[in-house]
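Me: Here is a model I would like to go through. Please take my questions one at a time.

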Amino acid sequence: MDTLKALYEYFPASVFTGRALVFISEDWRVELTEHQNSDFSKKGNDCPVIRVKVFKKALNGEFVPGHYEDFQISSVSELASQVERYIQAAVGKNIREYGLDV
């Protein structure tokens with residue numbers, strides 16, 4: 001959860017739910033969750049995996065899961081930069097310009 005809390009500082013338009021960072025708009029929902037690496041064959045690799053899930057609002061009003069990507073970058077600033085680029089490419093909008101309107 002430490003990485004998610006650090007990412008919250010980079011994405012003030014997000015909401016921290018206790019288990020995820022969430023960006024939500026009328027048409028999109030993006031969730032960032034933190035997972036520990038379960039590959040025990042790698043010693044000393046304590047860098048968590050940040051999963052970014054993108055949901056699109058369907059015609060019935062429910063958010064339908066689209067695609068997701070896992071990020072494992074130890075530098076929080078580089079991680080935030082890459083996650084932001086991914087979200088912008090996935091939803092087609094600059095999250096800094098549109099605030100919550102991802």
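Predicted model: local features only at pLDDT ≥ 70, side-chain atom pairs only at ≥ 80, totals over all residues.

Me: How many bridges join S4 to S5?

Reply: Strands are DSSP runs (E, at least two residues; helices are H or I, at least four), numbered from the N terminus. Strands pair if DSSP finds at least two bridges between them. S4 covers residues 49-57 and runs antiparallel to S5; the bridges number seven.

Me: Which strands does helix H2 touch?

Reply: H2 spans residues 76-91 and packs on the sheet. Contact means heavy atoms within 4.5 Å. The strands touched are S2, S3, S4 and S5.

Me: What is the order of the strands in the open sheet?

Reply: The sheet has five strands, with antiparallel pairing. Its edge strands, each pairing on one side only, are S1 (15-16) and S5 (63-71). The order is S1-S2-S3-S4-S5.

Me: Which residues of H1 are buried, and what do they pack against?

Reply: Buried means under 20% relative accessible area, exposed over 50%, partly exposed in between (1.4 Å probe, protein chains only). The buried residues of H1 are Thr3, Leu4 and Leu7. They pack against S1, S2, S3, S4 and H2.

Me: Which residues are exposed on the other side of H1?

Reply: An α-helix has 3.6 residues a turn, so residues three or four places apart point the same way. On the other side of H1, the exposed residues are Asp2 and Glu9.

Definitions and conventions
Residues numbered from 1 in each chain as written. Heavy atoms only, no water. Axes fitted to C-alpha atoms, helices over the stretch in contact; angles between N-to-C directions.
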